[in-house]
Amino acid sequence: MRAFRVLLPIALLLLGACGTSRTPDSAAHPPTPVPPAKTEADWRNAYRDGVRSLEGREVPQDDAKAASLLADAANHAISDAQFLLGLLYDTGRGVPNDPVSAAVWYRKAAEQGHRDAQFLLGLAYYRGRGVARNDPDAAAWFTAAAVAHQAGAAYHLGIVNLLGRGVPRDDVAALKWLQQAADQDYPEAQYLVGLIYANGHGVPRDLAWAARWYGKAAEQGLTRAQYALALALAAGLGVSADAEEALRWASLAAEHGDPEAMRLRTDLRERVTPHDRFAVGQWVRGWLPVAGHDVADRPTIRYVQTVLGRLGFDPGPPDGVLGPRTKLAITQYRSQNGASGDEVLNQDLVDRLRADANGRNKS
C-alpha cells in the first residue's frame, strides 16, 4: 500500500509530461502564424497611400507605386481607387495609356454610384474612346452623374439635349441642365446659358442676363466668353457701352489667339485715349482668373446696377463695384417692394430684380 502511495504521484507526473511533450520536429518547426485577413479599412488605407504617392505628399512622388497601390484597392471594390486607376490608364501615368482599361475601371466605379466615374464613362461613350460610341449610353451615364450634381455631366447632358444625341432634342431640358452646371461655376455652361438668353433660344431674349453669364465665364478665363462680353460692352448689348472695359476683355481674348477678338481689339484701341490703352495693357498683364462662387461677384453686381437703373433707382455707374450708391439703391428698392431695407446683395435680390425686369419687359 505504501508503495502504491509513492508511485501514484510519479505516475501522474509522467502522464502529464507525456501529454505535453513535443517531438524534436515540432519543436524545431513551430507553426507559422496566419496574418489576419485585410479589411475594407486596410484597402482604403492602400487607396490613400496611392494618392499620397501620386501627389508626392509626405512620400516621394512615384506614379508606378501609386498605380500598384490603387490597383490593390480597386481590386477590392474601393470605388475611389477604381475611378482614379481608370484616370491613370486614361492619361498613361504609372501604367500604359490604355483607354479600354480606363473604361473598364470607370464602369466598375460608376456601377457603385461614383459620380465622377459615371461622368467619364459617359464621356467615353460620347467620344467612342475605349468603348464603341453609343449616344444613348452616354446620355444615361451623364444623367446618372448630373442627378448627383456632377457639373461636367450636367453640362454635357445639356449639350446632348440641345443636339438630340442619344435623347430626343429638348431645349427646355437642355437649359435646365446647363443652368445647373452654370450655377456650379462651370464656365462653358455659363457661356452657353448667356448665349441662349442673348439669342432668345427657347426663352425670352434677355441681353442683361446674358451679359451677366458671359461675365461669370470670362472672369474664369474662358476665351469665348471674354470675347462675347467685350462685344456686349462695345455695343451696349444688355450693359452700358464702355469702350475701355470692352478693350480689356477683347485684349484678354486676343492674347489667346481669338481672331475676332483681335479685330475687335484693333477697333476699340481707336476709340479710347492713349492713357486708357496704357491702363488696359497694365490690367491685362496683371489679370488672374477667379471663380464666381460668391453671388456678389462683379458680373452680378453689374447686372443688379443695370436693372436698378432701368427700374428708376440710382445705383451709380454700372461698374460692377458694390459702392455706397449701389447699396443705397438696393435699400430703397427693397423698402419700396415691402422687403427689409437690407443693402446686402444676395440671390433673393437678384431673383426679385430679374422678375421685376422681366415683368416690365412684358408690359
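**Labels and their cut-offs**

Student: What makes D98 a cap of the N-terminal end of helix 6?

Tutor: A side-chain oxygen of D98 lies 3.1 Å from the backbone nitrogen of V100. A polar contact is a pair of N or O atoms within 3.5 Å; within protein, one must be able to donate a hydrogen and the other to accept it, and residues adjacent in sequence count only if both atoms are side-chain atoms. The 3.1 Å distance is within the 3.5 Å limit.

Student: How far can these values be taken?

Tutor: This is a predicted model, in which local features need pLDDT of at least 70 and side-chain atom pairs count only at pLDDT 80 or more, while totals for chains, interfaces and linings use all residues. Residues are numbered from 1 along each chain as its sequence is written, and side-chain values use heavy atoms, with hydrogens and water left out.

Student: Which residues of helix 6 are buried, and what covers them?

Tutor: Buried means under 20% relative accessible area, exposed over 50%, and partly exposed in between (1.4 Å probe, protein chains only). In helix 6 the buried residues are S101, A102, A103, W105, Y106, A109 and A110. Their cover includes helix 4 (63-74), helix 5 (79-91), helix 7 (115-127) and helix 8 (135-147). Across the protein, buried residues make up 44% of 363.

Student: Why is the pairing of R248 and E244 called a salt bridge?

Tutor: A salt bridge is a side-chain nitrogen of Lys or Arg within 4 Å of a carboxyl oxygen of Asp or Glu. For R248 and E244 the closest N and O atoms are 3.8 Å apart, so the pair qualifies. The two residues are 4 apart in helix 14 (residues 243-255), about one helical turn. An α-helix has 3.6 residues a turn, so residues three or four places apart point the same way.

Student: Which label does E244 get: buried, partly exposed or exposed?

Tutor: Its relative accessibility is 24%, and E244 therefore counts as partly exposed.

Student: What other salt bridges does E245 make with R248 and R302?

Tutor: R248 and E245 meet at 3.2 Å, N to O, and they are 3 residues apart in helix 14. R302 and E245 meet at 3.1 Å. E244, E245, R248, R298 and R302 are linked in a network of salt bridges. The whole structure has 21 salt bridges.

Student: How do you know that W209 and W213 form an aromatic pair, and which kind is it?

Tutor: The search of the whole structure finds 10 aromatic pairs. In the case of W209 and W213, the centres are 6.0 Å apart and the planes are at 85 degrees. Rings of Phe, Tyr and Trp (its six-membered ring) pair if their centres lie within 6.5 Å; planes under 30 degrees apart count as stacked, over 60 as edge-to-face and the rest as tilted. W209 and W213 are therefore a pair, and an edge-to-face one. W209 is buried at 6%, and W213 is buried at 2%.

Student: What makes F313 and Y333 an edge-to-face pair?

Tutor: Their centres are 5.7 Å apart, with 85 degrees between the planes. F313 sits in the loop between helix 17 and helix 18 (324-336), and Y333 is in helix 18, 20 residues away. F313 is buried at 13%, and Y333 is buried at 2%.

Technical notes. Contact = heavy atoms within 4.5 Å.
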